[in-house]
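Have the model open as you read.

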Amino acid sequence: MKKIYSIITGTGSYVPSKIVKNDDFLNYEFLESTGEKIEKENREIVDKFEEITTISERRYAEDNELTSDLAVAAAEKAIEAAGIDKEELDYVILAHNFGETYPNHPRVDVLPTLAARVKAKLGIQNPNTVAYDVLYGCPGWVQVLIQADYYIRSGDAKKVLVIGADILSRVSDPYDRDSMIYADGAGAAIVEGVESETPVGIIGHNSRSDAMEYVNLLHMGYSYNPELAQTKDLYLKMNGRRLYQYALENVPKAIKSALDKLKLHVNDVKKVLIHQANGKMDDAILKRLFKLYHISDIPESVMPMTISWLGNSSVATVPTLLDMVMRGEMNEHSVSSGDNLVLASVGAGMNINSVIYKMP
């Protein structure tokens, strides 16, 4: 018996051209949360940061680029790759966390929605192409992929454009050393419905939210610089140590839960595409995942990574990874028909989600 499944027919991403290396932070003034100067040389701070995160450089948007511009660039590539007429889209769903950001201040602009702005910039005339935003922390793009799957399997939609875009460089406190993690970017995919007698495309997913104990691990707060704090502008803040531990304890279990629903083993997975938050953390998550199956020898090249040179671009990391893998731009990382992929993310909320995708 044939059923409707959701497959990704085209992907696209936009990586800003502005490269910011770790040495570019050597002249910064890093402060403690109390406003006091950190009693370490910047060279030591920067070197320790790279050791912990594996990030050596990241990409920032140019001053003339808005978040919606990054989203449009990624969307256009996905539409072209899918070979569809944009007027046939039933939904444009855009995941972000900070709205339309500007280079001169960190304040958020979310009206109209970014999805509506992107629809307009793409020149989509069809009023039945419904455009809306989703705020779900860094797992936002994976969550809109899940929503697209529900629309398609219900018969409500046939073609959905899902986008993730954020410019974190404009909402990060320059006096906070954690801000070196953040980057900018956008990723997108076209999801279409197909009839198949065997499971294909998105074959499973799950999500969870742990708000009671962990709601403030990522939050908005004042600058560590007392003078800048007087402006009452808010910047992205995180409790890195507790976030690391939360992710390590819960992401592997969430991925295993999604695989268990499908009666799949981790050995059935060709690639694990995980949110690029911290290189060392992602490595530890993968080890914990395989440990749940009593496996100590992890297959080589199972987890493609971009964080060392792209940094953490929030909702954009997973779709950017997917696009690069699909286009053959990641050395030693290729996928073929029948391969099972895991797309997983963790972030503010705290939220975790994962999608199991079987290549058509």
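Tyr151 is partly exposed, at 23% relative accessibility, while Tyr91 is buried at 11%; buried means under 20% relative accessible area, exposed over 50% and partly exposed in between, with a 1.4 Å probe and protein chains only. This is a predicted model, where local features need pLDDT of at least 70, side-chain atom pairs count only at pLDDT 80 or more, and totals for chains, interfaces and linings use all residues. Residues are numbered from 1 along each chain as its sequence is written, and side-chain values use heavy atoms, leaving out hydrogens and water.

**Aromatic pairs**

- Rings of Phe, Tyr and Trp (its six-membered ring) pair if their centres lie within 6.5 Å; planes under 30 degrees apart count as stacked, over 60 as edge-to-face and the rest as tilted.
- By this rule there are 5 aromatic pairs.
- One of them joins Phe25 and Tyr28, a tilted pair with 4.8 Å centre to centre and 55° between the planes.
- Phe25 is buried at 3% relative accessibility, whereas Tyr28 is partly exposed at 34%.
- Tyr91 and Tyr151 are stacked, with 4.0 Å between centres and 10° between planes.
- That pair links distant parts of the chain, 60 residues apart: Tyr91 in strand β4 (residues 91-95) and Tyr151 in helix α4 (residues 140-154).
- Helices (H or I, at least four residues) and strands (E, at least two) are DSSP runs, numbered from the N terminus.

**Aromatic cluster**

- Phe25, Tyr28 and Phe30 make up one aromatic cluster.

**Charges over rings**

- A charge sits over a ring if NZ of Lys or CZ of Arg is within 6 Å of the ring centre and within 35 degrees of the ring normal.
- Lys237 lies over the face of Tyr224, 3.3 Å from the ring centre.
- The charged end of Lys256 sits over the Tyr293 ring, 5.2 Å from its centre.
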